[in-house]
Amino acid sequence: MPERTCIACRAVKDKAGLARLAVVDGGLELDGKWRLPGRGAYICRDERCVRAAYKRKDCFAKALKRAVTLPEEKELRELIIKQ
């Protein structure tokens with residue numbers, strides 16, 4: 001399985017162990033089936049990583065190499081952890 005790096009904690013893990021986020025219509029969405037087009041950003045399915053990423057909001061834009069509108073932290077945290 002390919003490895004990816006979490007945008008928050010920078011840990012390198014198997015792709016299956018991370019959640020993939022992609023930009024759809026300028027907003028950030030969870031890509032649960034790993035099929036959305038374009039660049040993806042990967043994050044651990046851990047509340048601490050989501051909080052850390054929101055503290056450094058630019059980490060989403062840097063990983064995706066474009067500006068992105070972020071959903072509420074709580075909403076994204078629930079989606080990622082429940083995936």
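Trainee: What counts as a disulfide here?
Mentor: A pair of cysteine sulfur atoms within 2.5 Å. Keep in mind that this is a predicted model.

Trainee: Is Cys-6 buried or exposed?
Mentor: Buried. Its relative accessible area is 0%.

Trainee: And Cys-59, which cysteine sulfur is closest to its own?
Mentor: The one in Cys-6, at 8.3 Å. That is also too far for a bond. Cys-59 counts as buried, at 6% relative accessibility.

Trainee: Switching to the core. Which residues have the most contacts inside the largest nonpolar one?
Mentor: Ile-7, Ile-43 and Phe-60. That core has 23 residues.

Trainee: Which elements give two or more residues to it?
Mentor: Strands β3 (18–24) and β5 (40–44), plus helices α1 (47–55), α2 (58–64) and α3 (73–82).

Trainee: What does Ile-7 touch, beyond its neighbours within four places in sequence?
Mentor: Its contacts include Ile-43, Phe-60 and Cys-59. Ala-41, Tyr-42 and Arg-56 are also among them.

Trainee: Now the sheet. What is the strand order?
Mentor: β4-β3-β5, an open sheet of three strands with antiparallel pairing. β4 (27–30) and β5 each have a single partner strand, so one side of each has no neighbour in the sheet. The twist averages 35° from one strand to the next.

Trainee: How many bridges join β3 and β4?
Mentor: Four, in the antiparallel sense. For Ala-22, the bridge partner in β4 is Glu-29.

Note on methods:
Residues numbered from 1 in each chain as written. Predicted model: local features only at pLDDT ≥ 70, side-chain atom pairs only at ≥ 80, totals over all residues. Heavy atoms only, no water. Core = buried A, V, L, I, M, F, W, Y, C linked by side-chain atoms within 4.5 Å. Buried < 20%, exposed > 50% of the residue type's maximum accessible area, 1.4 Å probe, protein only. Contact = heavy atoms within 4.5 Å. Pairing = 2+ DSSP bridges. Axes fitted to C-alpha atoms, helices over the stretch in contact; angles between N-to-C directions.
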